[in-house]
Amino acid sequence: MLQLKNIKKSYTTGEFTQVALDGININFRESEFVAILGQSGSGKTTCLNVIGGLDQYDSGDLIINGKSTKDFEDSDWDAYRNNSVVFIFQSYNLISHLSLVDNVEMGMTLSGVSSAEKHSKAINALERVGLEQHIHKKPSQLSGGQMQRVAIARALANDPDIILADEPTGALDSQTSEQIMELIKEIAAEKLVIMVTHNPELAEVYADRVIHFKDGRVVEDSMPLANQRVNENYEIKKTSMSFATALKLSGKNIATKKWRTALTAVASSIGIVGIALILSLSNGFDKKISSYESGSLLNFPLTVTQGISTSMSNMTGTDFFKEAEGAYPEESKVFSHDAAKEVVVHNNIFTDEFMNYIKKLDSKVLDGISYSRNVNMNILKSDGKTASAVNTGSVNITSFPTKIDGDSESYLSNYYELLAGDYPKSENELLLVVDKFNQLDVSAMEALGLDYKAKEINFEDIIGKEYKLILNDNYYKQKGETFSINSDSANLIDLYNEKDTINLKISGIIRANEDVGSAALPAGLAYSDTLAEFFIDNAKDSNIVKAQEKADYNVLTGEVFSEVSDNPYAVTREKVLMSLGASVLPNTISLYPSDFTGKDIITKYLDGWNKNLNDDEKIIYTDMSSLITGLSGGIMDGITLVLIAFAAISLVVSLIMIGIITYISVMERTKEIGVLRALGARKKDVTRVFNAETVIIGTCSGLLGILLAFILTIPINIVLEHLTGLTGVAELNPLHAVLLLTISLSLTVLGGFIPAKMASKMNPVEALRAD
Ligand code: ADP
Ligand code: MG
């Protein structure tokens with residue numbers, strides 16, 4: 001059944017060629033116990049390895065069941081080793097991290113025997129060698145003789161045709177040797193056993209046939225066999241190791257070095273933790289920014305202010321801490337100083353054309369538009385008996401933003417919460433704005449005629465509260481050169497009760513939404529701009545305005561106007577006229593963009609007005625939100641990229657580390673590779689074993705990284721909340737987590753790939769020789 005035909009094999013190391021087998025011709029019977037004797041170095045092991053397909057012959061032929069192996073491919077050899085032939089080594093060659101059963105099962109695992117069958121066969125084999133009580137032990141817990149029994153059980157379990165034993169008793173004492181020989185002889189009754197030994201006595205006693213080797217040749221054969229015809233249709237079932245088996249094998253190997261694996265996983269998870277944290281931070285910031293986007297746009301609309309704009313440095317106080325040059329002069333003189341001339345940047349002059357230009361803005365890009373006018377509307381409050389003017393110095397009275405088509409509700413409901421009542425349905429209806437604590441300053445309450453002494457006022461008591469708007473001609477009466485209020489100045493109740501007044505009432509109470517932050521509208525009263533337009537429309541033809549237009553003094557006070565016309569702080573005729581409602585042009589236009597894209601469109605639109613205009617005709621606007629949001633968007637992206645780059649470096653480091661770890665593992669598991677190959681594992685299977693190992697480590701480090709990053713977001717958020725007041729900034733996106741896990745896995749597999757390939761290329765004979 002097995003024929004060696006003129007087998008030659010030599011090893012070349014450097015310039016020296018050692019002939020190990022020098023034309024071996026042996027025919028073996030289907031079942032016999034052959035002992036090969038010979039001096040050390042005579043080629044016995046080499047011959048056995050050639051027979052077992054662990055080593056390839058140089059020339060000649062090995063014929064298995066009548067089939068030449070000259071054209072055998074790797075996979076044929078693998079299948080042959082797995083199904084037909086099995087090795088018993090002097091050094092047992094058990095896989096140390098597997099239990100006895102697992103060791104015995106390994107050959108069958110490779111040939112894909114079902115696990116139940118595998119297990120029962122393994123138990124049977126272990127029973128047969130008398131180790132049934134030790135099946136769950138690890139090889140290191142056994143004596144040498146017991147380990148050799150396990151190796152024999154492994155050989156038996158696979159039910160091979162040929163058993164090759166290389167000095168199986170070489171490491172055992174004589175009594176144990178005899179027991180092992182008994183066992184092997186028993187097996188040889190039904191199989192072909194070829195045993196190498198240098199003990200002639202054992203050979204004489206147990207073997208059926210003794211062959212002597214010398215210098216790579218057969219010098220004596222006690223029972224030679226002539227050529228015989230045998231079954232030509234020799235087919236061997238191919239082996240294959242499933243990835244699950246590889247995982248199990250590596251899992252058990254890893255289990256024996258828990259600490260190293262854990263540390264490796266921790267170390268290589270650092271990169272993942274880094275990237276995960278950076279991503280979760282930038283993700284969180286992005287979310288915060290977009291939720292603040294509308295808020296910040298609301299707080300900082302684009303504003304266009306009529307009149308002189310002054311340099312910001314005075315307001316922001318950049319000079320404040322600087323020792324001003326020429327400060328604290330020694331001279332006993334007072335110096336004149338024109339603040340206006342020094343800080344004037346530009347003088348915006350609004351025109352009706354510009355107002356129309358603004359009104360033509362696309363309402364899609366504009367959430368709302370509001371005008372602030374320096375008009376002093378004559379609003380009165382009354383408690384029934386007495387009446388007085390609502391003091392605009394004590395309470396904010398502002399117009400709320402509306403859409404260009406006049407719709408105010410859509411803007412307000414976006415950013416404000418209606419606490420009570422309704423949104424205004426006409427210009428006669430006002431809104432009361434409260435701050436985030438539902439508070440209103442006592443002076444404002446007093447000004448509005450609310451019970452400012454009470455600790456709290458119910459919403460119902462405020463809704464419906466009435467005021468009166470008095471038109472200029474009713475409000476002012478002329479008295480010689482000046483005008484004064486047309487009533488008893490201590491009690492305006494007569495004025496209040498006049499026929500030609502306009503009724504106003506509070507229709508609702510609003511408060512800025514929680515996620516908007518601070519509100520654009522200050523706490524106080526808010527009216528629709530149509531009310532102001534109505535008032536102005538009437539006021540511009542009123543007597544007081546006509547008188548003021550002619551007079552070079554303030555018609556309310558009689559005070560002569562300053563001649564320093566450019567001084568922004570001086571009271572001028574224009575200012576008085578504006579407060580009397582003479583001008584239809586607002587003081588400030590606030591534009592609330594719908595979003596950042598909208599803002600870009602609006603700023604381009606405003607720039608469009610200035611095209612082809614002289615510098616002094618241009619109208620400049622202020623974009624406060626750009627100071628805040630410009631910072632967040634672009635810079636955050638940049639910082640994120642830089643940080644990711646750093647974290648990526650640590651990923652590369654872990655890639656290299658995994659490579660080294662796998663390399664070390666390959667070195668450590670060299671013997672296991674040899675055993676697996678001897679049992680019929682394909683090169684592919686060996687690669688698989690190590691890939692499985694890196695998959696395990698990669699998955700562990702990935703999962704660990706994600707977990708650590710997730711846990712770390714908690715303290716990071718606490719710290720950030722303390723520093724910035726932002727809550728829940730760091731937030732790991734599940735998609736990022738999955739992505740990072742995949743990256744970690746691919747990187748570790750990549751890192752382990754070369755060592756795993758290296759392992760598969762390892763010569764099985766050399767691998768077995770490793771210790
Ligand atoms: P035995 O098992 O009879 O002691 P071997 O078959 O191991 O002898 O070795 C036969 C000869 O081949 C020896 O001279 C040995 O040095 C040489 N040899 C065996 N394996 C190798 C190898 N991998 N590289 C170089 N020489 C080898
Ligand atoms: Mg040898």
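Q: At what angle do helix α12 and helix α21 pack, and how far apart are their axes?

A: This is a predicted model, in which local features need pLDDT of at least 70 and side-chain atom pairs count only at pLDDT 80 or more, while totals for chains, interfaces and linings use all residues. Residues are numbered from 1 along each chain as written, chains are lettered from A and ligands numbered from 1 in written order, and side-chain values use heavy atoms, leaving out hydrogens and water.

Two packed helices are described by the angle between their axes and the distance between the axes. Here, α12 (residues 352-359) packs with α21 (residues 596-610) at about 155°, their axes 11 Å apart. Helices (H or I, at least four residues) and strands (E, at least two) are DSSP runs, numbered from the N terminus. Axes are lines fitted to C-alpha atoms, for helices over the stretch in contact, and angles run from 0 to 180 degrees between N-to-C directions. The two helices are therefore roughly antiparallel to each other; the cut-offs are under 35 degrees for roughly parallel, over 145 for roughly antiparallel, 65 to 115 for roughly perpendicular, and oblique for the rest. The crossing of α12 and α21 is right-handed, a word used if the near helix is turned clockwise from the far one by less than a right angle, with left-handed for anticlockwise.

Helix α3 (residues 100-110) and helix α4 (residues 115-128) pack at about 125°, with axes 9 Å apart. That makes α3 and α4 oblique to each other, and their crossing is right-handed.

Finally, a glance at ligand 1: the residues around it include Tyr-11, Gln-18, Lys-44 and Arg-769, where near means a heavy atom within 4 Å. Helix α1 gives the most to this shell, with three residues.
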